[in-house]
Amino acid sequence: MAAEPGRAPLSWRGWRLWPQSFTALWRESLQFRTVLITIGLSGFAILVIGAYLSFSVQANLFQSRLDQVLGASNRADIAAQRVLESSDAADRAAVQGVFSSARGLIETTSSSQYIALIRVPDQEASSIAPQDLVSPGLSSVLTPELRAQVQADRDGQFWQSVSLANDSGGADPGVVVGTQIEIPEAGRYELYLGYSFADADQTLRFVQLTGSIGAIALLIMLAVITLFVVRWVIDPIRQAALTSRRLAGGDLEVRMPEKGADELATLARSFNGMADSLQARIAELAELSVMQQRFVSDVSHELRTPLTTIRLAGDVLDAQRESFPPDTARTVELLHTQTERFELLLSDLLEISRYDAGSVTLALESTNLVQLAGDAIESMHTLAEQRGSDVRLVAPGGHFDSELDPRRIRRIVRNLLGNAIEHGEGRPIVVTVDSDEAAVALAVRDYGFGMTPEDAERVFDRFWRADPSRKRTIGGTGLGLAISLEDAVAHGGRLEVWSAPSLGSCFRLTLPRHAGDEIPSSPIPLPPEDAAGTATAVLDLIDSTGSVTTLDDEPSTRKGARDA
């Protein structure tokens with residue numbers, strides 16, 4: 001049956017992912033890690049103990065069997081020597097008969113089927129000496145070293161480990177024991193007896209097999225026991241992790257079950273106590289936050305009625321300002337200006353309270369950010385002229401529409417422009433708009449005194465000023481940048497700032513082209529392209545030319561460039 005197309009690669013891919021899956025499981029599962037470590041250490045201990053026992057049993061079996069065969073060989077040697085010494089054979093036939101009798105006695109006494117009788121070399125020649133006798137399979141295992149030892153010592157007994165051929169064509173472990181016997185009228189002979197250790201080897205194999213099976217069974221039992229114990233211990237920990245995750249997700253009512261009086265029960269009680277304390281604290285903070293939001297909202301609404309009355313009265317007085325004495329006219333002018341600022345402050349406070357309460361909804365429309373920025377610049381043209389700042393719009397990117405709330409984005413641009421005009425020290429201001437496939441961005445660059453990194457981190461705080469001694473010259477409320485940041489976040493965008501002392505500041509707004517999309521990067525770099533220059537070089541360039549020429553081309557020649 002043919003394999004389905006693509007099945008083999010998937011199977012191979014599965015095998016290749018095994019190491020990654022194992023690594024992830026090892027890193028993420030305490031239970032798996034504990035069981036695996038326990039089995040590994042237990043297996044190593046069992047292996048060491050098993051190897052020691054195996055070697056001990058092998059050594060004991062070998063020594064026991066060796067003592068047995070040495071005793072049997074010694075008894076056979078003594079019995080044969082007695083028979084030979086009691087014989088008075090003097091001719092070849094008689095000597096041959098005694099030799100055969102001794103051989104039969106050796107076979108009976110030693111219980112060995114491997115026998116070798118070899119006349120010791122370097123003796124006088126004898127015509128009645130029997131011929132050498134070597135059992136099949138024994139001649140190939142007699143080493144020169146063993147024979148040299150036997151030939152050198154008439155009364156010694158020597159042995160050597162060998163492999164003896166068996167009836168099935170294989171080989172069994174065994175030993176060969178060598179001694180000397182003397183045959184009257186024939187001289188000295190080397191006597192070798194071979195003993196098979198097949199029975200001891202079988203016993204050893206049986207012991208090793210039984211030990212291996214027992215070790216595997218013990219490992220399985222250890223794994224099961226460890227898994228049971230680990231599950232019993234880790235389940236409360238896993239429950240604690242799940243409970244803490246749900247608690248962090250906002251489910252303040254979740255608690256751990258409390259059972260028993262052991263350490264795990266103590267952990268559960270401590271965790272539940274912490275959760276109760278946290279819930280109470282969060283409820284208290286939430287109540288305080290609601291009270292604060294309600295207070296700001298109520299005060300703002302309550303102030304609108306008297307503020308409207310004051311505004312109407314101020315308008316009436318302002319309309320008749322020309323008929324008042326100079327001091328009174330100046331007072332009426334200040335009253336009118338501060339009333340407008342107070343009304344703006346109330347509007348900003350109401351907007352902040354809506355963001356704090358989470359009740360802000362966006363009115364998204366297909367909007368061209370370049371046109372919106374141009375309209376905002378035109379609306380602030382008079383203020384920029386009064387401050388001596390030349391505001392320039394540069395739009396090198398595509399003029400594509402994006403899903404935005406025009407009112408809120410226009411407010412962001414006006415706040416950024418107002419901030420640049422107030423702190424730009426009368427120097428040029430560059431508004432850059434650019435876009436790519438995923439995002440649109442707007443940057444407002446001024447060349448004023450700038451801020452330190454510490455001040456730049458707090459520039460979006462409510463009612464914060466870098467220099468508290470300086471007055472707001474264009475009537476700001478101190479909430480403009482904070483509201484702008486909230487507006488940007490509500491769109492899923494980012495409002496960021498770069499600033500350096502004597503080099504000015506650059507605020508960058510980045511918004512997704514489509515609502516809800518992610519922003520991989522901003523089309524406009526931050527820090528700006530002219531941030532690397534020294535303060536003196538930038539200021540001299542601005543003072544000498546009256547315009548910013550640190551862009552790629554002259555601003556007047558770039559596509560979309562315009563003066564406000």
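**Helix packing and a ring cluster**

Student: Which residues of helix 3 meet which ones in helix 4?

Tutor: From helix 3 the residues are A72, R75, A76, A79, A80, V83 and L84, and they meet V98, A102, L105, I106, T109 and S110 in helix 4. Please keep in mind that this is a predicted model.

Student: And what's the make-up of that contact by class?

Tutor: Sorted by class, the contact of helix 3 with helix 4 has ten nonpolar residues, along with two polar and one charged.

Student: How do the two helices sit, roughly parallel or roughly antiparallel?

Tutor: The axis of helix 3 and that of helix 4, which spans residues 92-110, come within 8 Å and cross at roughly 155 degrees. Angles over 145 degrees count as roughly antiparallel, and therefore helix 3 is described as roughly antiparallel to helix 4. As for handedness, helix 3 passes helix 4 in a right-handed crossing.

Student: OK, what about helix 9 and helix 11, at what angle do they cross?

Tutor: Helix 9 (residues 369-379) and helix 11 (residues 406-423) have axes that cross at roughly 50 degrees and come within 9 Å, so these two helices are oblique to each other. The crossing of helix 9 past helix 11 is right-handed.

Student: Who makes the contact there?

Tutor: On the helix 9 side the contact is made by L369, L372, A373, A376, I377 and S379, and on the helix 11 side by P406, I409, R410, V413, R414 and L417. In terms of class, that contact of helix 9 with helix 11 holds nine nonpolar residues, one polar residue and two charged residues.

Student: Switching topic: how many aromatic pairs are there in the whole structure?

Tutor: A search of the whole structure finds four aromatic pairs. One of them is formed by F62 and W159, a tilted pair with 5.9 Å from centre to centre and 55 degrees between the planes. F62 lies in helix 3 (residues 30-85) and W159 in strand 3 (residues 158-165), so that this pair links distant parts of the chain, 97 residues apart.

Student: Are those two buried or partly exposed?

Tutor: F62 counts as partly exposed, at 26% relative accessibility, and W159 is partly exposed as well, with a relative accessible area of 36%.

Student: Which other ring does F62 pair with?

Tutor: F62 also forms an aromatic pair with F197, an edge-to-face one, at 5.5 Å centre to centre with 65 degrees between the planes. Because F62 lies in helix 3 and F197 in the loop between strand 5 (187-196) and helix 6 (198-248), the pair ties together parts that are 135 residues apart in sequence. F197 is buried, with a relative accessible area of 4%, and ring pairs link F62, W159 and F197 into a cluster.

Student: And G214, where does that one sit?

Tutor: G214 is placed in helix 6 and counts as partly exposed, at 37% relative accessibility.

Note on methods
Residues are numbered from 1 along each chain as its sequence is written. This is a predicted model: local features need pLDDT of at least 70, side-chain atom pairs count only at pLDDT 80 or more; totals for chains, interfaces and linings use all residues. Side-chain values use heavy atoms; hydrogens and water are left out. Axes are lines fitted to C-alpha atoms, for helices over the stretch in contact, and angles run from 0 to 180 degrees between N-to-C directions. Helices (H or I, at least four residues) and strands (E, at least two) are DSSP runs, numbered from the N terminus. Angles under 35 degrees count as roughly parallel, over 145 as roughly antiparallel, 65 to 115 as roughly perpendicular and the rest as oblique. A crossing is left-handed if the near helix is turned anticlockwise from the far one by less than a right angle, and right-handed if clockwise. Contact means heavy atoms within 4.5 Å. Ala, Val, Leu, Ile, Met, Phe, Trp, Tyr, Cys and Pro count as nonpolar, Asp, Glu, Lys and Arg as charged, and the others, Gly among them, as polar. Rings of Phe, Tyr and Trp (its six-membered ring) pair if their centres lie within 6.5 Å; planes under 30 degrees apart count as stacked, over 60 as edge-to-face and the rest as tilted. Buried means under 20% relative accessible area, exposed over 50%, partly exposed in between (1.4 Å probe, protein chains only).
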